[in-house]
Amino acid sequence: MLGRRKTGLDEKSNPGVDRGTMDLIEEHPILDFPRGEKVSFFFDGREMEGYEGEPIAVALHANGIRVYRETAEMHRPRGFFCAIGKCSSCFMVVDGIPNVRTCITPLKPGMKVETQHGKGCVPEAEE
Amino acid sequence: MKTLSTEILVIGGGAAGLSAAAEAAAAGAKVLVAESDLHLGGQLVKQTHKFFGSKDEYAGTRGFKIADILLSEIDSCKENVEIHTNTTITGFYSEDGTFTAMRGEEKYFHIKAKKTIVATGAQERLIPFPNNDLPGVYGAGAVQTLMNVYGVVPGKRVLMVGAGNIGLIVSYQLMQAGVEVAAVVEAAPRVGGYWVHAAKIRRMGVPILLRHSIRKAVGDQVITGAYITALNDRFEPEGEETYVDCDVICIAVGLSPTTEILSQAGCKMMYVPQLCGLVARRDRTMKTSNPDFFTAGDASGIEEASAAMVEGRIAGLSAAADLGYPTEHGKLDEYWGRLQALRSGEAGARICQGLECVLVNRWEDVSDD
C-alpha cells in the first residue's frame with residue numbers, strides 16, 4: 001500500500017522476459033510494424049535487444065521491464081505512463097545523463113540505460 | 001545560441017498542426033513545424049479504425065492513413081516547410097518574442113516567428129485511487145503508442161477505465177493486438193462513446209460495466225490486479241468490491257488541453273467545461289487575444305480529430321493571410337461550414353455550447369480583466 005518503503009527496488013522488480021525474446025505483436029489484422037535494425041543495449045548491466053530508433057522505454061517494455069525509476073522521497077516505483085514526454089514517469093539515467101525522457105528518446109546501439117534512483121546526478125561537464 | 005527564424009511556427013505535428021502547416025505552406029508562407037515526438041502524425045498514427053464525419057475529413061479512411069495523406073500534402077509544398085521532430089518547445093519569452101526549444105535532451109536553441117499556431121494537443125487525465133502511480137497504470141494514449149506505433153504487447157490482461165470513445169476504441173485495438181480485455185468500467189450510467197464502438201467490443205464478449213469504477217490497484221512493484229465496485233447515483237461506492245486479475249489498468253477518463261505556451265504568450269484564457277479545460281479565447285480565424293498567436297485542435301478544446309484538422313486549416317489560412325499571402329476568398333466560410341456539419345450531432349451540441357462562451361466576435365468588446 002501507499003507509504004514509505006523500507007527497501008527500494010530489488011531483483012524482483014524487473015524480472016524481464018527470457019533473454020532473446022521480446023513481447024512483440026507479430027501479427028496484426030491492420031498494421032505492419034516497420035522496425036529498425038536489431039541492436040543490443042544495456043539495462044542495469046544486463047544486455048538486451050531492441051530496435052534502433054524506437055523509444056528506449058518501448059524497448060524496455062518489450063523486454064518485460066516495467067520499473068524505470070524510484071521516487072526520491074517515498075521510494076515508489078515508476079514506469080511507462082504518458083508516452084509523449086510530458087509526465088516524467090519514465091525518467092532514467094541514459095549514458096550517465098539523468099532525467100532522460102525515455103519514452104521519446106530513440107534507442108541507439110550499446111546505450112547504457114540505468115534505473116534512476118531519486119533525482120539522479122548530473123555529471124561534471126567535460127572540459 | 002543558434003536562432004532559427006520562420007514566418008509561421010506550428011507547435012505540434014498532429015492532426016491540427018499538420019493541417020495548419022499544409023494550408024499555410026500552400027498559401028506560400030514559410031512554416032516551421034516543431035514536434036516533440038520522434039515522428040509526425042500525433043494521435044492519428046495510432047488509430048486503426050475508419051473515421052466517421054464527412055468525406056472532406058477523410059471519413060471511411062483509417063486514422064493512420066489520414067496521417068499519410070496529410071504528410072504527402074505537406075510534401076507537395078516541402079520547399080516551404082521545415083520539420084523538426086524530437087523537438088520540444090519549452091517556453092515563450094514575450095519580452096523579445098523568443099521561443100526556447102530543445103532537440104532531444106541536450107541541444108538547446110531559439111526560434112523566432114512572425115506568427116505562431118499552437119496545436120499542442122492534449123494530455124491524459126488521471127483519476128485518484130490507491131496505487132494509481134504503480135507501473136502498469138497507463139494512459140490510453142500510451143497503450144496505443146506501445147501497441148499501434150511500435151508493435152509492443154502492452155500486457156496480458158487489461159482493465160479499461162472509461163467507456164468514452166477512447167476507452168472503447170482502445171479496448172477494441174487491444175483485442176486486435178491479441179490482448180485480453182477483462183472489462184470496461186464506466187462511472188456514468190451510460191456509454192459515453194459512439195454506440196457502434198461499444199457494440200463491437202460487446203460482440204467480442206467484453207463486459208461494459210456502467211455505474212462502476214476502480215477502487216484500488218493491487219501490486220507491490222507493478223500492477224497485478226484491481227478492485228472494482230458499483231457506484232450509486234451519487235457516484236459513491238456501493239456493495240462489495242470485485243477483484244479483477246490484470247497487469248495493465250488503462251486510463252481513458254478524458255483529456256485536458258495543453259495550453260502553457262498560450263498562457264505564456266499572454267493570450268486570454270477561459271475555463272470551459274464543455275471543451276474540457278482551460279483554453280484560449282479565439283475569434284473565427286482561430287486567432288487569440290495575442291494577434292500573433294493562433295490555436296487549433298485539442299489545444300483549443302477537446303474534440304475529434306476531424307474537427308482538429310479543419311481548425312488547423314483555418315488557423316493556417318488565417319496566419320498566412322495575416323502575413324499578406326493571398327488566400328482564396330470564401331475559404332474561411334467553407335471551413336466553418338465543415339465544422340458546423342461535424343458538430344451537428346449530440347457531442348457537437350456540447351462543443352457548440354462551449355464555443356459560445358469562448359468565441360469572440362470583436363476583440364474590442366472583450367474587457368481586459
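Analyst: Two residues are in contact if their C-beta atoms, placed from the backbone, lie within 7 Å. The model here is predicted.

User: What share of the contacts in chain A with a separation of 6 or more comes from residues 24 or more positions apart?

Analyst: The share is 50%. Chain A itself has 1 helix and 8 strands. Along the sequence they follow the pattern β-β-α-β-β-β-β-β-β.

User: How many of the residues of chain A count as buried, as a percentage?

Analyst: Of its 127 residues, 38% are buried. To count, a residue needs 20 or more other C-beta atoms within 10 Å of its own.

User: Why is G13(B) called buried?

Analyst: G13(B) has 29 other C-beta atoms within 10 Å. The cut-off is 20 or more, so G13(B) is buried. This residue sits in the loop between β1 (3–11) and α1 (15–26) of chain B.

User: Which residues is G13(B) in contact with, leaving aside neighbours within four places in sequence?

Analyst: They are L18(B), V33(B), E35(B), L40(B) and G42(B). S36(B) is 23 residues from G13(B) in sequence, and 8.3 Å from it in space, C-alpha to C-alpha.

User: What makes β8(B) and β15(B) a pair?

Analyst: They share 3 bridges and run parallel. At least two bridges are needed, so the pair qualifies. Y138(B) stands opposite C250(B) in β15(B).

User: How many bridges join strand β9 (residues 157–161) of chain B to β15(B)?

Analyst: There are 4, and these strands are parallel too. V158(B) stands opposite V248(B) in β15(B).

User: Which residues of β15(B) point one way, and which the other?

Analyst: V248(B) and C250(B) point one way, while I249(B) and I251(B) point the other way. All of them are buried. In a regular strand, side chains alternate between the two faces of the sheet.

User: Why is α3(B) called mostly covered?

Analyst: 10 of its 10 residues are buried. Among them are A140(B), Q144(B) and N148(B). The buried residues pack against α1 (56–62) of chain A, and also against β7, β8, α4 (165–176) and β15 (248–251) of chain B. Just after α3(B), G151(B) takes a positive phi of about 65°.

User: How many residues does each chain give to the contact between chains A and B?

Analyst: Chain B gives 33 residues and chain A gives 36. On the side of chain B, the elements with two or more residues are β7 (122–124), β8 (137–139) and α3 (140–149). α3(B) gives the most, with 6 residues. By class, that side has 13 nonpolar, 15 polar and 5 charged residues.

User: Which residues touch the most other members of the largest nonpolar core?

Analyst: They are A21(B), I117(B), I249(B) and C250(B), in a core of 144 residues. Helix α7 (residues 305–322) of chain B supplies the largest share, 10 residues.

User: Why is this core said to lie between domain 1 and domain 2 of chain B?

Analyst: Both domains give residues to the core, so it lies between them. Nonpolar side chains tend to be buried together in soluble globular proteins.

User: What does A21(B) touch, not counting residues up to four places away in sequence?

Analyst: A21(B) touches V10(B), V31(B), V33(B), I74(B), V81(B) and G316(B).

User: Which residues of chain B does the UniProt annotation "domain: FAD/NAD(P)-binding" cover?

Analyst: The annotation, from an unreviewed entry, covers residues 7–312. Over that stretch the chain is 23% helix and 33% strand. Its end C-alpha atoms are 16 Å apart.

Definitions and conventions:
Residues are numbered from 1 along each chain as its sequence is written. Chains are lettered from A and ligands numbered from 1 in the order in which they are written. This is a predicted model: local features need pLDDT of at least 70, side-chain atom pairs count only at pLDDT 80 or more; totals for chains, interfaces and linings use all residues. Ala, Val, Leu, Ile, Met, Phe, Trp, Tyr, Cys and Pro count as nonpolar, Asp, Glu, Lys and Arg as charged, and the others, Gly among them, as polar. A residue is buried if 20 or more other C-beta atoms lie within 10 Å of its own, exposed if 12 or fewer, and partly exposed in between; C-beta atoms are placed from the backbone. A nonpolar core is a set of buried Ala, Val, Leu, Ile, Met, Phe, Trp, Tyr and Cys residues joined through C-beta atoms within 7 Å. Domain bounds come from an automatic or database domain assignment. UniProt positions are given in the numbering used here, feature names are shortened, and annotations may be inferred rather than shown by experiment.
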